[in-house]
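Student: I should like to learn how to read a protein model, feature by feature. May we look at one together?

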Amino acid sequence: MFTPRGVGNPPPVRRDHERDQCRSARVDPGADRFPSGLYDAVLLDRDGTLVEDVPYNGDPEKVRPLPGARDALDRLRAAGLRLAVVSNQSGLARGIFTADDLRRVNARVEELLGPFDSWQICPHGEPDGCACRKPAPGLVHAAARALGTTPTRCVLVGDIGADMAAAAAAGAAGILVPTPATRAAEVAAAPSVAADLPDAVGTILGRMRLVAAPAPAPRRGTVLVARSDAAGDVLVTGPGIRAVAAGAERVALLCGPRGRAAAELLPGVDEIIEWPLPWIDAPAPPVDPAGMRDLVDRLAAVRADEAVLFTSFHQSALPLALLLRMAGVPRISAISDDYPGALLDVRHRVPVGVPEPERALSLAAAAGFALPAGDEPGLRLRADRLPPAPPAAGEPGYVVLHPGSSVETRACPFELATRIVRVLSAAGYRVVVTGGPDERELTAQVAAAGGLDLGGRTGLDELAAVVARAGALVVGNTGPAHLAAALGVPVVSLFAPTVPFGQWGPYRVPTVRLGDAGAACRDTRATRCPVPGHPCLSAVEPGRVLEALRLLGVPADAPEPLVTVPGGVVR
């Protein structure tokens, strides 16, 4: 590996958010430098991303930068971001070129594209089984260490699926820049796709600008925040709510019945108002005029100085904004593509594809609230609200499998879940199977293959305590995935593509995504599988889960053989 050049942290430059501004994913070159807690560094694949892909190139004369690469990199440098190259170079292991040839090629890359702060090279071949060759996350971890940061504060830009997998397995963001050699399945599975390197840089800087901290403002009084949805939706809104709490004397959170348990776990919330909203909940209850009047009275009783209304990308904040106006709230901020008339004081817009936690954080920033220094923009839970894990869960280090979901399309098929337990148990992993009270039959049948059944025995807080002690969580796109992200527990994500992975995948936590990202249900938001047999997940081989755990560095235990007993397993 090559020694990095050290760079100091740039001095912060403050930028004010403008009311009613549509923040594009592109920014002008003159507006590229701004503070953000989002990224410290950009990691870049070399061949096919920075320069033309010449197989096993050991000749510096064959180095050809891709169009716009130098200007794009200079924009990143001007924004104060540190740059590293992370590149597989198996030609060294094959003896096709020498280490000196590689140094000369890399020197030519720097001559044409400017200096990089670190070069991280994997010299191994695929059969070597090293920890650094992408899709393994070793190069990402090494680059982050060399740059004095962490993978969660890095974004990796590359041209193939192995680049995206390495980024995800380290907890970094990823942007795919496809070439003609990039497979369609790799494009479908990528969390974010850009047309070329300049486009990827525009996306990076745009996302940084979107959540950029506003100028310091005096603390406000009582702020009402709203996220009326399921538990996972409430959890991903956590960074935005913490930002509001940092600038308010008191925060009241309006949530629905399905999100109440998650709301109890969020830092920064002083009061919870539970109320079902007929334009949010599904199946939707009928609109009750008397109930709406009662809600207006309840909101008025909060005596909020302002409100920040968090919604998902497919929801409207305007019905609630109308009720808040009727309740006398003087200032209301929300995301709205629809014309809000007099309902909003701060109308914010967000580009398509932004992860939900960043979407929430960007609204808070537009409303004038910022996370305090040292508070990373990831998900968090209140540690004081987590009870001890149930003793039945055993010593830390087990793998949690959560097969169910409140949405049918996002659940792990029963047969697959059973096979996963059997394969992991045989490989020496202790498997704990979890689920809600209405999933007891499912978890009992799945756990019978060699796991411990905790189905229906944990509330959300106890489930969080179980996940916190796990080596990893295997789960579909459902609330426990966001619990794991908030706890820093690696996730094997059995992700049905009914919603975009880049928006709803586990945020800023080591993750391996499995499943057919290009299935017919892609982006349909279907709640019932439109294709018989749930093929996007049922085709996953359990051995892929085992490979994912190993990629994430989750070791098996297996000090003794497993012995199956009624209700679980013992050693």
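Student: At what angle do the axes of helix α9 and helix α13 cross?

Tutor: Two packed helices are described by the angle between their axes and the distance between the axes. Here, the axes of α9 (residues 238-246) and α13 (residues 356-366) cross at roughly 20 degrees and come within 7 Å. Axes are lines fitted to C-alpha atoms, for helices over the stretch in contact, and angles run from 0 to 180 degrees between N-to-C directions. Helices (H or I, at least four residues) and strands (E, at least two) are DSSP runs, numbered from the N terminus. α9 and α13 are therefore roughly parallel to each other; angles under 35 degrees count as roughly parallel, over 145 as roughly antiparallel, 65 to 115 as roughly perpendicular and the rest as oblique.

Student: Which residues of α9 and α13 meet?

Tutor: Pro239, Gly240, Ala243 and Val244 of α9 meet Pro357, Ala360, Leu361 and Ala364 of α13, where contact means heavy atoms within 4.5 Å. Seven of the residues in this contact are nonpolar, one is polar and none is charged. In this scheme Ala, Val, Leu, Ile, Met, Phe, Trp, Tyr, Cys and Pro count as nonpolar, Asp, Glu, Lys and Arg as charged, and the others, Gly among them, as polar.

Student: How far may I trust the coordinates, and what is the mean pLDDT of the protein?

Tutor: This is a predicted model, in which local features need pLDDT of at least 70 and side-chain atom pairs count only at pLDDT 80 or more, while totals for chains, interfaces and linings use all residues. Residues are numbered from 1 along each chain as its sequence is written, and side-chain values use heavy atoms, with hydrogens and water left out. The mean pLDDT (the predictor's confidence in each residue, from 0 to 100) is 89, and 91% of the residues reach 70 or more. Where pLDDT is low, the predicted coordinates should not be read in detail.

Student: In what order do the strands of the five-stranded sheet lie?

Tutor: Strands of a sheet pair through backbone hydrogen bonds, either parallel or antiparallel. This open sheet has the order β3-β2-β1-β4-β5, with parallel pairing; two strands pair if DSSP finds at least two bridges between them. β3 (118-122) and β5 (173-176) stand at the edges with a single partner strand each, so one side of each has no neighbour in the sheet. From one strand to the next, the twist averages 20 degrees. Four bridges join β1 (residues 41-44) to β4 (residues 154-158), and Leu43 has Leu156 as its bridge partner in β4. Helix α7 (residues 197-210) lies across β1, β4 and β5, at about 160 degrees to β4.

Student: How many strands has the sheet that contains β14 and β17?

Tutor: That open sheet has six strands, in the order β14-β13-β12-β15-β16-β17, and the pairing is parallel. Val432 is bridged to Leu452 in β14.

Student: Where is the peptide bond that is cis, and which residue has a positive phi although it is not a glycine?

Tutor: Most residues other than glycine have a negative phi, and most peptide bonds are trans. The bond from Lys134 to Pro135 is cis, with omega near 20 degrees, and Pro135 is found in the loop between β3 and α4 (138-146). Arg303 has a positive phi of about 55 degrees, and lies in the loop between α11 and β9 (306-309).
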